[in-house]
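Biologist: Please show me how to read a model of a protein, one feature at a time.

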Amino acid sequence: MAAAPRTVLISGCSSGIGLELAVQLAHDPKKRYQVNNAGMGLVGPLEGLSLDAMQNVFDTNFFGSVRLVKAVLPGMKRRRQGHIVVISSVMGLQGVVFNDVYAASKFALEGFFESLAIQLLEFNIFISLVEPGPVVTEFEGKLLAQVTTAEFPGADADTLHYFRDIYLPASRELFRSVGQSPQDVVRAIVKVISSTRPPLRQQTNVRYSPLTMLKTVDSSGSLYVRTTHCLLFRCPRLLSLGLRCLSCGCLPAQVRPR
């Protein structure tokens, strides 16, 4: 008997991760699921960002996913089957300097879908939050190019200096050192989709794991904040060296891929 056709609903698939995923899944019809991938970024000093821009980020990154889930959930519940895959971010796990609003939108996704996941297990519906680190896409390239020349009215001179002369170079080096391709992320998503017991959370970039571990090993959060502050503002050469080590695969044994 031929396999039942797979119903696929992917938001945000005009380019990057979404497009790669759509192409990959078109060749593998099996079951019904939804992938929430649509998103937008916002980077810069808080004082120079408008409330309208912040609301647009939440409307796309958070409420866009909420609207989509509300639309498909009744059908999944009636069938008592489904898998909702949400493209979150490591910035849903930890805050990143000058990405305050974007990180907040991803934190909101994480809390919302973790809460929903508890109820939906009773309907045999799984939720998976896929958490990429830096991904080298046209989306990211355009965003960094735009903010490089942006004015950010309202931001003081010191903050603009920290953003342009410290954060932006470090961000570019981070993408060069540990950035993934969309294909890498898609392989991780397909693995999650194919799992018989899908995980709630799945990070995609093992080279980025030491950075997320800074938060998980200290429940107070101080280790992550103080270490990141020191590396970025006090010891940028050490940060650069650390990123080069990560890019070469010099990882602690516990975070190497099995």
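Modeller: Start with Gln203, which counts as partly exposed at 27% relative accessibility. Buried means a relative accessible area under 20%, exposed means over 50%, and partly exposed lies in between (1.4 Å probe, protein chains only). This is a predicted model, where local features need pLDDT of at least 70 and side-chain atom pairs count only at pLDDT 80 or more, while totals for chains, interfaces and linings use all residues. Residues are numbered from 1 along each chain as its sequence is written, and side-chain values use heavy atoms, with hydrogens and water left out.

Biologist: Where does Gln203 lie, and which residues does Gln203 touch?

Modeller: Gln203 is part of strand β5, residues 201–203. Strands (E, at least two residues) and helices (H or I, at least four) are DSSP runs, numbered from the N terminus. A contact needs heavy atoms within 4.5 Å. With residues up to four places away in sequence not counted, Gln203 touches Val90, Leu93, Glu131, Ser209 and Thr212. Gly133 is 70 residues from Gln203 along the chain, yet their C-alpha atoms are separated by 7.7 Å.

Biologist: How many helices and strands does the protein have?

Modeller: There are ten helices and five strands. Of the 258 residues, 44% count as buried. Take the contacts between residues at least 6 apart in sequence: 76% of them join residues at least 24 apart.

Biologist: At what angle do helix α2 and α3 pack?

Modeller: Axes are lines fitted to C-alpha atoms, for helices over the stretch in contact, and angles run from 0 to 180 degrees between N-to-C directions. Helix α2 (residues 51–61) packs with α3 at about 30°, and their axes are 3 Å apart. The two helices are therefore roughly parallel to each other; that label covers angles under 35 degrees, with roughly antiparallel over 145, roughly perpendicular from 65 to 115, and oblique for the rest. On the α2 side, Phe58, Asp59, Thr60 and Asn61 make the contact, and Phe63, Gly64, Ser65 and Arg67 make it on the α3 side. By class, these residues are two nonpolar, four polar and two charged. Ala, Val, Leu, Ile, Met, Phe, Trp, Tyr, Cys and Pro count as nonpolar, Asp, Glu, Lys and Arg as charged, and the others, Gly among them, as polar.

Biologist: At what angle do the axes of helix α3 and helix α4 cross?

Modeller: The axes of α3 (residues 63–79) and α4 (residues 100–120) cross at roughly 10° and come within 13 Å. That angle makes α3 roughly parallel to α4. Ser65, Val66, Val69, Leu73 and Lys77 of α3 meet Leu109, Phe112, Phe113, Leu116, Gln119 and Leu120 of α4. Eight of the residues in this contact are nonpolar, two are polar and one is charged.

Biologist: How many aromatic pairs does the structure hold?

Modeller: Eight. Rings of Phe, Tyr and Trp (its six-membered ring) pair if their centres lie within 6.5 Å; planes under 30 degrees apart count as stacked, over 60 as edge-to-face and the rest as tilted. Phe112 and Phe113 form an edge-to-face pair, 5.0 Å centre to centre with 85° between the planes. Phe112 is partly exposed at 27%, whereas Phe113 is buried at 0%. Ring pairs also link these two with Phe62 and Phe63 into a cluster.

Biologist: Which ring does the charged end of Lys77 sit over?

Modeller: The ring of Phe123, 4.8 Å from its centre. The rule asks for NZ of Lys or CZ of Arg within 6 Å of the ring centre and within 35 degrees of the ring normal.

Biologist: Which residue other than glycine has a positive phi?

Modeller: Phe98 is one of them, with phi near 65°. Phe98 is in the loop between β3 and α4 and is buried at 9%. Asn99 lies in that loop between β3 (82–87) and α4 too, and is buried at 5%. Leaving aside neighbours within four places in sequence, Asn99 contacts Leu42, Val43, Met91 and Tyr167. Asn124 also has a positive phi, near 60°. Asn124 is in the loop between α4 and β4 (125–131) and is partly exposed at 39%.
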